[in-house]
Each structure stands twice: as structure tokens, then as C-alpha cells.
Amino acid sequence: MAAPKTQGAATQGEEDGDGNRGGTGGVSYEDSKDCILEPLSLPENPGGTTSLEGSPSVPCIFCEEHFLIDEQDKLLKHMIIEHKTVIADVKLVADFQRYISYWRKRFTEQPITDFCSVIRINSTAPFEEQDNYFLLCDVLPEDRILREELQKQRLKEILEQQQQERNDNSFQGSCMFCNEEFLGNRSVLLNHMAREHTFNIGLPDNIVNCNEFLCTLQKKLDNLQCLYCEKTFRDKNTLKDHMRKKQHRRINPKNREYDRFYVINYLELGKSWEEVQLEDDRELLDHQEDDWSDWEEHPLSAVCLFCEKQAETIEKLCVHMEDAHEFDLLKIKSELGLNFYEQVKLVNFIRRQIHQCRCYGCHEKFKSKADLRTHMEEAKHTSLLPERQTWDQPHESDLTAQEQNGNIAIISEDTSKLHALKQSSILNQLLLHESLKN
């Protein structure tokens, strides 16, 4: 097929060089949901073999150029340069060969603009200097369904392979560190290396294509390469000492070569096997009960309304705010006769204003919290509270009439760091005082 270089509007919508989409003559995502009238027909054997068998090459979608399966980036570069076509989120395509084969066939049946968004480059330049690129992505329902079907099919193949390995008792292999021979199930060798040599690549049930995985690691060691930092050493003893002293008896978490050996990469596209390695599953098996002891190691503390200062009690914090920011919370509480919920609303209001870098005294907005704090302290605006009706009211726009007439809505503090707030919120201190009084 000739390179798609014609200019014009795409039926999927058009984007200019700034990423703005135009809707003229376009089909929206919602409108195109029902465009597929029959089930997708996936190519069974792209390139003559299944992708798991490793076809030697993959053809370009548009021309007869072929690229080795492990040179996928070269094919993508070729399509961008020669055919001005970009495939979005390629790493989330479960079976690249079948994906390419499917679209190669579809592009012979309909124009590319029936499937791809058009990105206009240099949209503000003269017309002759403008150019169009084509984006194939899962915004198109057909592409999204194709990716999902490929994912399901790949997952089915992987789970079948994993089940076969789990039940296989004819495994034979030797330890990479002590050369001890193991017969039976793969788990015997993997558990031995984890227990005796602290080399943990995950639970056996998390791994697929185990023989290939072990051969890949063994080849690196045979080439005198550290499995973690991947540096090469002059001899085996030097490598062994390095891995022991540096505690490098683990694999490199940044090496994407290992992705294909972890089942989780087929269960959830885009989730890294690294997350599995960081979870010590063997330890979890020995500690089934929930452990909440760490809560006792981090006593509650209150956080200043204006800076990052923390104090063990609200009394100490009030002293700090009065000394450092000339803000006397206890005096305000007494003068205004604030009850518990009114205190909460006032604290919420102040936190919200500080988070938005806005002075509640004069309503001026600043670029940073530091600039705001400097202004409020110099202008003495920390103690300049607005009228009571400004902060003593619910701020939820979607409250029902019943809620507005009943319970007072409580707006949470700045929740950008929920874990820290759970342990350091000043509201905890207010709640504690209220419970003691009751």
C-alpha cells in the first residue's frame, strides 16, 4: 500500500500540532461505538507461525518491508518516517504480530482516515508547509476491542503454559550459585536459590517460561555479567565476590527483558513485574495475620496551618502559631464562641485558602505558599479573618436539600497527602479534645 501522505480531515477527528482536536466532519468516540457490526477476526498464524513460536519477522502495515520480531522499534520508526503513522501505547499491545497483521489487512479494505486521527503538523504555517501524521490508538473502538481480544488470547496461552509448568515434575536444572542438581518440579530449584543464596526472583507461581528465564540468567553469569548492575567482570571469582559484597544477588528491576517471564504482565497490561519482585511473598505466607503494630510507632502530631511545623499536641502547636505567625486559635475560639464543628470548618477554610495560595485577609493570590506566608506575616493578615458567613457554611455544591437542612457538611483538609494526614491532622487533636470532654 502506498504511504498515506494525503492531507485532509479524518473521520475520527483531527488534531493540530498543538494537540487540539477539530470536530468538523468527524465521528466522536460515542458515535463510533456501534461501528463494528461483526466480531473481530484475528489472524491465527501471523507470518506463518504463532507469536509464541517466534516468527522471524513482522511486515510493515503499508509496504513489503519486513523487520525482525525483536527489532520492533525499527518497524515503528520506519512507519513514522516513511508512512507518517504512529501507533499509540505499543507496549500495551499483547501480541504485536497479530496486531500488525490485523491492521495490514484492514488498511487494504478501507482508507486510513476511516481509522486514524489526523495530527496536522505546522498548522499555523502556509498550507504547502503543513503535513499530516496519522495516529492509530484505542480511542477507536475497533482498535480497543482488538487490543482486548489479543490480551485475552495471550493470557489464555500464558495461563496454559504456566499450568503445564506447575504440573511438570520432569524439570531438571542446576543452581547457578552452587551447581547443585535438582530434579522434579521447578519450584524446588527456585526455593533453594531463595533460601540458600537469598536470590529471589519471585514465587514459582508468579513465573512463566521458567526454563527460558533460568537460561537467560545463566547466560549472563557465563558472560561474567552481574545480574543487578549488569557490569562485566574479568573472571568468575571477581564477579562472585562483587555480587556477594554488594548484595547484587537479584535481577535488575529496570531491565524490561524480564517482563515476559512474569504472569502479572499478562494479567494487567502496564503493570511492571518489578512490583512482584518487591513483594516478599514467602514472608507473607508466614505472616497471615494483619499487623497493625506500626501504628504505635508513629504518634499523632498536629501540623501548623501556615507552615510545615509539627507538634505533639494542639497546645504546643497553638503556641507555635501564636509566636511564629501571630495567629491565636484559642483566643479566636473563645471570642467567637466556636463549638467543635465550627472549629473544624474554620480550620478547613484556612487550610483550603493556604493550599490555594490565597490570603483570606485580602483575597490576593500568590505563586507559592512561601510568598503567601511572607505577605500574611508582613501585612498581619494571619489574624484578619473574613466575615463568619464566609467560612461557616457547607462548601459541597451537590448537597441535597435534606443534607443542607440537616447535618453540617465537613470539608476535609488538603488531601494531597492522605497517609500523612491520617497521622498528623490537626483535626485528630480537635476530635480527641471533643471526645475527652464527652
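Student: What distance separates the end C-alpha atoms of helix H3, and what span should its 27 residues have?
Tutor: The end C-alpha atoms of helix H3 (residues 141–167) are 39 Å apart, which agrees with the 39 Å that its 27 residues should span at 1.5 Å a residue, the expected span being 1.5 Å times one less than the number of residues. Helices here are DSSP runs of H or I with at least four residues, strands are E runs of at least two, and both are numbered from the N terminus. This is a predicted model, where local features need pLDDT of at least 70, side-chain atom pairs count only at pLDDT 80 or more, and totals for chains, interfaces and linings use all residues. Residues are numbered from 1 along each chain as its sequence is written, and side-chain values use heavy atoms, with hydrogens and water left out.

Student: Which residues of H3 are buried?
Tutor: Among them are Leu 146, Leu 150 and Ile 158, along with Arg 147, Arg 154 and Glu 157, where buried means under 20% relative accessible area with a 1.4 Å probe, protein chains only.

Student: And what covers them?
Tutor: The cover includes strands S5 (85–87) and S7 (131–136), and helices H2 (96–106), H4 (186–197), H5 (210–222) and H7 (264–267), with contact meaning heavy atoms within 4.5 Å.

Student: Switching topic, where does UniProt put the C2H2-type domain?
Tutor: The unreviewed UniProt entry places that feature at residues 224–253 and 355–386, although such annotations may be inferred rather than shown by experiment.

Student: How much helix and strand is there over 355–386?
Tutor: That stretch is 34% helix and 0% strand, and its end C-alpha atoms are 17 Å apart.

Definitions and conventions. Buried < 20%, exposed > 50% of the residue type's maximum accessible area, 1.4 Å probe, protein only.
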